[in-house]
Amino acid sequence: MSFKSFDCDVIVAGGGPTGLLTAFLCAEAGIEARVFEAQKDVALDLRATSFHPPTLDMLDAHGITDELIAQGIITTSWQVRLHPSGERAVFDLATIKGDVRHPFRLQCEQWRLQRVLVARIAKQDKASVEFGRRVTGFTQDSDGVTVTVEGGAQGTETLRARILVGADGLHSAVRQSAGIPFEGEAFPETTLVVTTTFPYDQYMEGIGIVCSCWTEKGNLAFLRLKDYWRLAVYLKEDRSIEEQITPEGVEAALQEVISVPEKYPVLRAWPYKVNQRIVPTYNVGRAVLVGDSAHVNSPAGALGLNGGIHEAFELVAALVDVLKHGAPLDRFDLYTRRRRPVVAEEILGQAKRNRNRMREKDPNERRRLLAELQAITSDPERHHAYVRKASMIDGLRMATAIT
Ligand SMILES: Cc1cc2nc3c(=O)[nH]c(=O)nc-3n(C[C@H](O)[C@H](O)[C@H](O)COP(=O)(O)OP(=O)(O)OC[C@H]3O[C@@H](n4cnc5c(N)ncnc54)[C@H](O)[C@@H]3O)c2cc1C
């Protein structure tokens, strides 16, 4: 098939944050990209809310960071805390001011980034997003990919492109069609994301904006957003999940942390299961993965979306080499080699360690863990190293060093 018969350079399956960013960066680099998103619009899911410092630096190079900052709140620290005593270890992002241009975390819902990207793509000639259209499978040959897309006014269509990017999340159809295994495990726990306008800052002295918290009967994470708090409540494993996710169950979980006479003003509550998985390779020929289609992890540490964003930048560099500079397809090997070890250690490994620490139930062990963290924060060198790693700077440096 000749080049003229291609419908575009790149088809992107999935209009989540990583798919949209990939298409936007492609268009900026002069590569035509069409995104197909199964849902009818940007989903307002209660998912990622924290943008790490190097992510803000990267997005800033494309004028996106200020637009996000205007819609979120910034924090210069995060903490791990024992409740109700309030003893805590506070990590200070000012320690990395020599490493990044944005030494703070931004708290802002991921759908806001998606909306910014949809608006940016709408202004680009070389990129488009088609909502309500699902990629169902593909084949490939030496010249390109043939992709089946269903839904929308066009119905089922078969399109040709030079490269297919699978940015279609946990259940990726691209990954499955390519026969790439998704190795790992599903964690047993169910987490409940709850949003509420309850003023936790008036009840928990010095709580800050990002806080992982051990309570007497469990653990939870508090994340402040502009207009509400988002809590990740780890449900009890010895009680039925169904009972704990009813409005009464949610109320009881919140009352257990801070008991107040009035009912909690709950906005939304959403249970989810956590998987920890990663692919052995990011591509098979012309089909390449990015973001959650390639790896998923516990949200502890807020690493998943940030990792997907870093990956989109790395992937577009590879796409530019292949599509604009004539590099062979094994240029994607470098993409896998740069991303896979970093994701395995700095994202999956770190997220699992964060999750395991917060799942600790023994009060003595919790105190020991807290003392360990406090010792780190009181030693400037170790504090800097810890914040640099947790902010994903080490991972990015590791990736860049791989040639
Ligand atoms: C509760 C929770 C909290 C989180 N908090 C954080 C955080 O604070 N910081 C952080 O960095 N990460 C966090 N994460 C992880 C983060 O949400 C994900 O890593 C991120 O959404 C991945 O983006 P993505 O674009 O790769 O995949 P997704 O966001 O899953 O997007 C995939 C898109 O593809 C579409 N799709 C699926 N199949 C098809 C198909 N066949 N054809 C077309 N479209 C398709 C879907 O509709 C979806 O829109 C959190 C996750 C959860 C669950």
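Analyst: Gln79 has Val90, a residue of S6, as its bridge partner, and this bridge belongs to the pairing of strand S5 (residues 77–82) with S6, which is antiparallel and runs over five bridges. Strands here, like helices, are DSSP runs numbered from the N terminus, with at least two residues (E) for a strand and at least four (H or I) for a helix, and two strands pair if DSSP finds at least two bridges between them. The model is a predicted one, in which local features need pLDDT of at least 70 and side-chain atom pairs count only at pLDDT 80 or more, while totals for chains, interfaces and linings use all residues. Residues are numbered from 1 along each chain as its sequence is written.

S5 and S6 belong to an open sheet of eight strands with mixed pairing, ordered S6-S5-S13-S14-S15-S12-S16-S19. Its edges are strand S6 (88–92) and strand S19 (295–296), each of which pairs on one side only.

Helix H7 (residues 247–257) packs on this sheet, where it touches strand S12 (183–196), strand S14 (219–224), strand S15 (229–234) and strand S16 (266–278), and its direction makes about 80° with that of S12. Contact here means that the C-beta atoms of two residues, placed from the backbone, lie within 7 Å, and the angles, from 0 to 180 degrees, are taken between N-to-C directions of axes fitted to C-alpha atoms, for helices over the stretch in contact. Helix H9 (residues 331–359) lies across strand S13 (210–214), S14, S16 and S19, and runs at about 125° to S16.

Of the contacts in the chain with a separation of 6 or more, 73% join residues 24 or more positions apart. Buried residues, those with 20 or more other C-beta atoms (placed from the backbone) within 10 Å of their own, make up 44% of the 403 residues.

Conventions
A residue is buried if 20 or more other C-beta atoms lie within 10 Å of its own, exposed if 12 or fewer, and partly exposed in between; C-beta atoms are placed from the backbone.
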